[in-house]
Each structure stands twice: as structure tokens, then as C-alpha cells.
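Trainee: I am new to this structure. Please pick one part and take me through it closely.

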Amino acid sequence: MKYNYHTHTTRCFHAEGGDEEYVKSAIENGYEILGFSDHAPYIFPTGYTSHMRMRPEDAEEYIESIRYLGEKYRNEIQLKVGFEMEWYPDLIEGQKEFLKTLDIDYLILGQHFTENEFEPDSIYTGSRTRSTEVLDRYIEQLLAGARSGLFTYVCHPDLINFVGRKKVYENKIGDMLTELKRLRLPIECNFYGYIDERWYPNDRFWHIAREVGCDAVIGIDAHMPSLFKYDDGVQQMAAHLTDDIGINLLEKVELIKPKF
């Protein structure tokens, strides 16, 4: 695998290492394309501050830093810059206006919360749940984002931690993946979740993805430069996807430059 489009920075408050450290580590480990997609700053109502994403005032400096490094290392690696972003229905129009002012190459869709994050009934989608309403809301918001045409792919689509009835999960996730395939939107198998032994990547999910015929990418989801060094782990995960499950892993990703 010669590319990674899922890379974070310290601006999101839960990653470590300088921007240049990520670039050097990617070069040392044979990557030809490195995309930075830190958690997007969102334009929230006054009084709410997210502690897992960069501040809006840091966005221009973030982009300038990656552009500078792209020029500095242009003979060794190709750098792209974008954001990992949720689809928050009541905030999306203001978000588009904000993003319109920034020179980004792509967006990836990562639906970490239902509703609009700051609302009292918003739920982190990685929390264990038996609620079909939570599952439905996750799928509804994710597909709304997918249909917008703004996103290059869906990252960790199996983040939703539904532990209810097996048949309910299979039917609803199957319908979601069928729509993503219709939209020709790839889905990401998340290496950070794999190496950290989280509930995702979820084999149950990926067997459904195989049946539907979804295309997939591997995203390192690098929150530290050292993650690029785990080539054996990446190869093992890739082999499991392709050989054991039968998933089609894309050798190349066509970036979608968002039009707002």
C-alpha cells in the first residue's frame, strides 16, 4: 500500500508528533502519497467547544503547514490536505460557508456522533447500544453526507457499536452499504482500530461489505508518526480482507475536491 489519506495532527488535541514527523515517517516506510485529514473544525453555536477537533482559527495555519511540507519534500512524497468531518444536519450550511474559504484537496466522512454533537441527546456512535433508533440515526446521517458529493470515502464505517439483534444489524448495514456502492463511495478499513484491538474493524461488517461488493481502502488513521512503521500489521490486515473475506482493496484513490 503506497498511500494513506487518514492522518491527524496535534491540533485535534488527541494526537502526538509534529507535522514533519508524520511526513518523514511516511517517507521512511515507503509511502508515495500522504493525505492529512485532521478532525475538521466545526462552526458550533456560541458556548460550545469541542475537545476532539481543531479550532476554526487553526485551520489556515494547518493548511499552510502541510502545503509548505509538500513543497519541501516534493521529490520524496506527494502531500494532500483535507479534513475528516461529520455530517451535522443543522450545522452543515454554515460549515460549507466556512470550508469554502479554505484551500483543501478532499474530505473524508467520519460520523462520530449522531445529531449535532453539542445537543444533549447527541450520542457517540462508538458507545455500545442495542437501540435500533441510534443505528438508524447513524445510518441516516452517514448516508446524507455520502449523498452530498463532498466526500472521497467513508472512514471507519463500522464505528457504530450496535450490539442488538444480529438480523437487524445485517439488514440495516446491508442497506447502507448497498447505497454506498450505488454512490461509488469507497469504505475504509481502519488500521488504528485494528492495531489497538478495538471493536472495529468488525468482521461481521466486512462480510456484509463483501456480499454487497463494496470497494475498500485502508486508512492508517495515524494519531502518531510511529503508526507508519507497522508495515507487517498493515499487510496482515490487508491479507485478511482480501484473502479471508474477499474484499476488493483499491490500489488507487481518486480524490474528490469538494465543491461548496
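Mentor: Helices (H or I, at least four residues) and strands (E, at least two) are DSSP runs, numbered from the N terminus. Take helix 8, which is followed by glycine 246. The phi of glycine 246 is positive, near 100°.

Some ground rules. This is a predicted model, where local features need pLDDT of at least 70, side-chain atom pairs count only at pLDDT 80 or more, and totals for chains, interfaces and linings use all residues. Residues are numbered from 1 along each chain as its sequence is written, and side-chain values use heavy atoms, without hydrogens and water.

Now the length. Helix 8 has 15 residues, 231–245. The expected span is 1.5 Å times one less than the number of residues.

Next, the buried side (buried: under 20% relative accessible area, exposed: over 50%, partly exposed: in between; 1.4 Å probe, protein chains only). Gly233, Val234, Met237, Ala238, Leu241 and Ile245 are buried in helix 8. An α-helix has 3.6 residues a turn, so residues three or four places apart point the same way.

What covers them? Contact means heavy atoms within 4.5 Å. The cover includes strand 6 (187–190), helix 6 (191–195), helix 7 (203–212), strand 7 (215–219) and strand 8 (248–249).

Look at helix 6 again. Isoleucine 195 lies there. Its relative accessibility is 30%, so isoleucine 195 counts as partly exposed.
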